[in-house]
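Welcome! Take a look at the model below, and then we can walk through it together, one question at a time.

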Amino acid sequence: MEHIEYLLATLSGTRLALPLDLVLSVNEPAPVTPLPFCPRHVQGLVFVQDRVMPLMDLASLLGLPARSPASPTSLVILANGDDVRALEVDHVVAMVAVDASALQTRADPESATSFLAQRLSARGEDWLVLDYVRLATDTRMDAEGLIEDGALVPADPVGLADLEERQEDTAVDRIAHLLIDIGADRYALPTTIISEVLEPVDLRPMPAAPAWVAGLMQHQETPLLVVRADVLLSPDTQADHASVATTADSIALRIVDPATGRAFALLADRAPGLLSLSPDEIFSTDDAIAGISRYAVVDDRILAIIEPLALVGERLADVERLTPQGQGQSLAQMPMPDGAAARAAAARPGHRFLTLRIRDEFFAIDLDRVDSILSTVRLSPLPDGGNGFDGLADAGDKVVPVLDLHRRLTGQPSPDDTPPCVLLQLEGSTAGLAVDQVLRIEDVAAEDIDEVAEQTGLPVHAVARVRDRLMAVLTLDRLLPRRIH
């Protein structure tokens, strides 16, 4: 099946998909030099990536509302043969690869411009596909005349001969690279290895996981392990999960190993743009380090090129082990933290618990009552007060009633719209328990468990000492409603 790669961007409230094979780079805004007597769809000239090019008024061409001058923008540089132009967009969202068969002709051709005749679905939304080749053909211009008529911004700009020489280079097979920032350093990754660019929303930490693991996030109903690029690049650096912090600019690059199908995401601080490199601009290093064996020199800056599969290296088997399988994570497949497997093997007389967190309090539930774990659920309301439950959740092969433990214990609804959920066996049926965080499986010796006096309003029957911490052991039959309809 043929796949086509697109760069997703927004402009004046419209979602656009730009053909990635025509994108040379994505850059920050540059000063614009107005030109007299130029076509209305040309805003002026810009000097980007050591070349002069016209800046198109894409919103006007597409019949979209005019942009606010104060709004932040990005410049997308596209080349159609020797025709190189800059397009101004509001925000670059992601890169995606879609099947050619997934492209659909718009159902409203009378309102669609000739440049936006197709659409595609990605990231749960519809995007209008920009026919850039047709746009460039229908708005051809005399590049030489444009350059000679303008007062150029740079003090020593390239001339037309230099521009034409560079444009000839665009005919060479160039490789698009995504620029990413990790700490104070900037790197490049070939886009061919990137399956998707994602926002690391709802990134959940994995207690006691290796330092190079940032946590888990949900991706298309499947848990996705997110690894820390900063730790993998500097394995000797002291790091812990408390230092993992994402911002509005953070990205997660989904990588798929073509040999095994294993998928993981590489966490980076931000992606400032795209860069197209020819093979002649890429060099091999004499002293290769893990994940980096090549580099490029751009604007007198050395850019190390990351090879994600080599960067993860021998940890690929751990990626599979640490990633829950399927939507409902079986506890048999739940990764055991370092040292936990040894404790389980020791099998001290006592009880096995699944430990949980609500706010700053820790709880335990009997493991033999647990069916499976869902990394996230979204609750749908129940009629008539829910019969004691707070909503319904899709558990993959069935829909189950769910009780919000955060609400039950604090009186306030869960602060998370998609909390993790523990599926429990209750009187021959399955019910869910939404919690703030699922911690780990613990083996607790009998002498570390103390029974507590029966209290009608407290759904707790014991206190367990776990890792130097006291945890209340919940009485599930008193916590959940006794009848499920």
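Q: Does R134 count as buried, exposed or partly exposed, and what is its relative accessibility?
A: This is a predicted model, where local features need pLDDT of at least 70, side-chain atom pairs count only at pLDDT 80 or more, and totals for chains, interfaces and linings use all residues. Residues are numbered from 1 along each chain as its sequence is written, and side-chain values use heavy atoms, with hydrogens and water left out. Buried means under 20% relative accessible area, exposed over 50%, and partly exposed in between (1.4 Å probe, protein chains only). R134 therefore counts as partly exposed, with a relative accessibility of 41%.

Q: Which residue does R134 meet in a salt bridge?
A: A salt bridge here is a side-chain nitrogen of Lys or Arg within 4 Å of a carboxyl oxygen of Asp or Glu. The two partners sit four residues apart in helix α2 (residues 132–138), so about one helical turn separates them; helices (H or I, at least four residues) and strands (E, at least two) are DSSP runs, numbered from the N terminus. At 3.7 Å from N to O, the residue that R134 meets is D138.

Q: How many residues apart in sequence are the parts that D181 and R270 tie together?
A: These two side chains form a salt bridge, with their closest N and O atoms 3.0 Å apart. D181 lies in strand β12 (residues 175–182) and R270 in strand β19 (residues 270–277), so the pair ties together parts whose separation in sequence is 89 residues.

Q: Which helix holds R407, the partner of D390?
A: The side chains of D390 and R407 meet in a salt bridge, at 3.3 Å from N to O. D390 is in the loop between β26 (370–374) and β27 (391–394), 17 residues apart from R407, which sits in helix α9 (residues 405–410).

Q: Which residues do salt bridges that share partners join into one network?
A: By the salt-bridge rule, the count comes to 15. Through shared partners, one network joins D181, R186 and R270.

Q: What percentage of the residues of the protein chain count as buried?
A: The secondary structure of the chain comes to ten helices and 34 strands. Of its 485 residues, the share that counts as buried is 48%.
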